[in-house]
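Please look over the sequence and the 3D structure shown here. The paragraphs after it go from the whole chain to single residues.

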Amino acid sequence: MNDSEIQSIKARFGIIGNSPLLNHAIEVASQVAPTDMTVLISGESGSGKESFSKIIHHLSPRKHGKFIAINCGAIPEGTIDSELFGHEKGSFTGAHESRKGYFEVTNGGTIFLDEIGEMPLATQARLLRVLEYGEFIKVGSSKVQKTDVRVVAATNVNLLDSVENGKFRQDLYYRLNTVPIYVPPLRERGADIELLFRKFAADFSEKYKVKPLSLTENAKIALSKYRFPGNIRQLKNLVEQISVLEMEREINTDKILKYLPADSNYLPALYRQNQQEDKAGLSERDLLYKILFDMRKDVNDLKKLVHNMINEDIIDRDGIDSALMESYRNAAESTSGKENLPAPYVLKNPEPDYDFDNIEDISHETERDESLSIEAKEKELIIKALRKNNNRRKYAAKDLGISERTLYRKIKQFEIDD
Ligand SMILES: Nc1ncnc2c1ncn2[C@@H]1O[C@H](COP(=O)(O)OP(=O)(O)OP(=O)(O)O)[C@@H](O)[C@H]1O
Ligand SMILES: [Mg+2]
């Protein structure tokens, strides 16, 4: 496929950008379009997957047939089967009339199943049957019907993970993934960021009757370095906001940074992005991230402080241990019947396993303290067991669940006199 063909597809479908990854995705889409193959489009939220489903439909022999886009994540689990495959009159409460589903009305056309990962397992079974045999059954019916629909699906989650977690059928995954198309995230599209900025600036200048925005050279660099977790959708929102809110039409680095939320690079997504976020921007999530960052910093500072206080003998370590023991005992009493856990080891649990960027490593210290208290506890237990059994080692060893030989060794090691 030559470059001018790719460019004409972009012009026709309003796709802006020229990065190699984007061009490759367009090329695959246009090559697979004329076939009847099932296509799975994957890519992060807001990366522009929807246009690809349109390319595939409009460049196929089905272009005069219907094209329906369905967001599987937006239809309640209870009604999705009936929406997709229809239902018979009286098949459930409220089904006063029989109804045709999308797979029936789109016969001869294309169905775009967005957020396919959200489809319930029972619906996945029905979908697999349509894909394999072109057959489906309305809800509440026993009559097998035929339909000829091409399926294009999209996902912004890794479907293989969903297969692992038992949320997505493996056979359906392989069936859908006959031809995969990967839509790259904005941050991997280099100069496209600037091109898109300009395009949106022009669009919003027209919409709001304002002068179009432009960027200083440094602002362009700042923008190109940003991670854009919300991809093109986020960039579009950002340009819209700035277009309306800023008087000065040339945007410098300070200004642009004001509109780029803190990078949430290494924290997991708290929830799936949705249409509301499209409008509200990412502010709520970013606020949460900021709170988390601040809390982490506070916790680390506190740890460092306590550690130093212990080192400088400002806090009495034994005092801490007995206080902790006391609170553990109280907790243990109030949950009687539960298995007794060895108190100090629970309470003196070392660090949670994230890294402490600039905090000095105190883990060795903690480890040594811990082993000391284990030894002390062990010694105490051995003495108790010996006393209980009137110093008869055989029975004491039995109580302790160790061999007599080990007990003998430990008595020597801890210098216990019996
Ligand atoms: N190449 C592009 N040029 C111009 N606008 C684009 C381009 N790609 C996407 N957009 C715009 O970006 C927004 C997000 O695109 P789209 O809805 O296709 O994302 P998506 O990948 O389907 O995201 P989600 O997984 O959240 O559904 C839309 O407003 C769309 O019009
Ligand atoms: Mg979408």
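What percentage of the 418 residues in the chain do buried residues make up? Buried residues account for 26% of them. A residue is called buried if 20 or more other C-beta atoms lie within 10 Å of its own, exposed if 12 or fewer do, and partly exposed in between, with C-beta atoms placed from the backbone.

This is a predicted model, in which local features need pLDDT of at least 70 and side-chain atom pairs count only at pLDDT 80 or more, while totals for chains, interfaces and linings use all residues. Residues are numbered from 1 along each chain as its sequence is written, and chains are lettered from A and ligands numbered from 1 in the order in which they are written.

The chain holds 19 helices and 9 strands. Both are DSSP runs numbered from the N terminus: helices are H or I with at least four residues, strands are E with at least two. Among the contacts in the chain with a separation of 6 or more, 70% join residues 24 or more positions apart. A contact here is a pair of residues whose C-beta atoms, placed from the backbone, lie within 7 Å.

One place to start is helix α1, residues 3-13, which contains Ile9. Ile9 counts as buried because it has 21 C-beta neighbours inside 10 Å. Leaving out residues up to four places away in sequence, Ile9 touches Ile26, Ser30 and Ile55. Ile9 and Ile55 are 46 residues apart in sequence, yet their C-alpha atoms are 7.9 Å apart in space.

How do two packed helices get described? The angle between their axes and the distance between the axes are used. The axes of α1 and helix α2 (residues 20-32) come within 10 Å and cross at roughly 90°. That makes α1 roughly perpendicular to α2, a term for angles of 65 to 115 degrees; under 35 is roughly parallel, over 145 roughly antiparallel, and the rest oblique. The axes are lines fitted to C-alpha atoms, for helices over the stretch in contact, and the angles run from 0 to 180 degrees between N-to-C directions. On the α1 side the contact is made by Ile6, Ile9 and Lys10, and on the α2 side by Asn23, Ile26, Glu27 and Ser30. By class, this contact has 3 nonpolar, 2 polar and 2 charged residues. Nonpolar covers Ala, Val, Leu, Ile, Met, Phe, Trp, Tyr, Cys and Pro; charged covers Asp, Glu, Lys and Arg; the others, Gly among them, are polar.

Next comes the ligand. Of the 18 residues around ligand 1, Ser45, Gly48, Lys49, Glu50 and Ile232 come nearest; a residue is near if its C-beta atom, placed from the backbone, lies within 6 Å of the molecule. The shell divides into 3 nonpolar, 10 polar and 5 charged residues. Helices α3 (49-58) and α11 (231-245) each supply at least two residues of the shell. Ligand 1 lies between domain 1 (3-90 + 99-184) and domain 2 (188-283), because both give residues to its shell. The domain bounds come from an automatic or database domain assignment.

Strand β2, residues 67-71, includes Asn71. Asn71 is partly exposed, with 15 other C-beta atoms within 10 Å, and touches Asp114 and Glu115, not counting residues up to four places away in sequence.

The loop between α17 (363-388) and α18 (393-400) holds Asn390, and Asn391 lies in the loop between α17 and α18. Asn390 is not a glycine but has a positive phi of about 50°. Asn391 has a phi near 65°.

Methods
Two residues are in contact if their C-beta atoms, placed from the backbone, lie within 7 Å.
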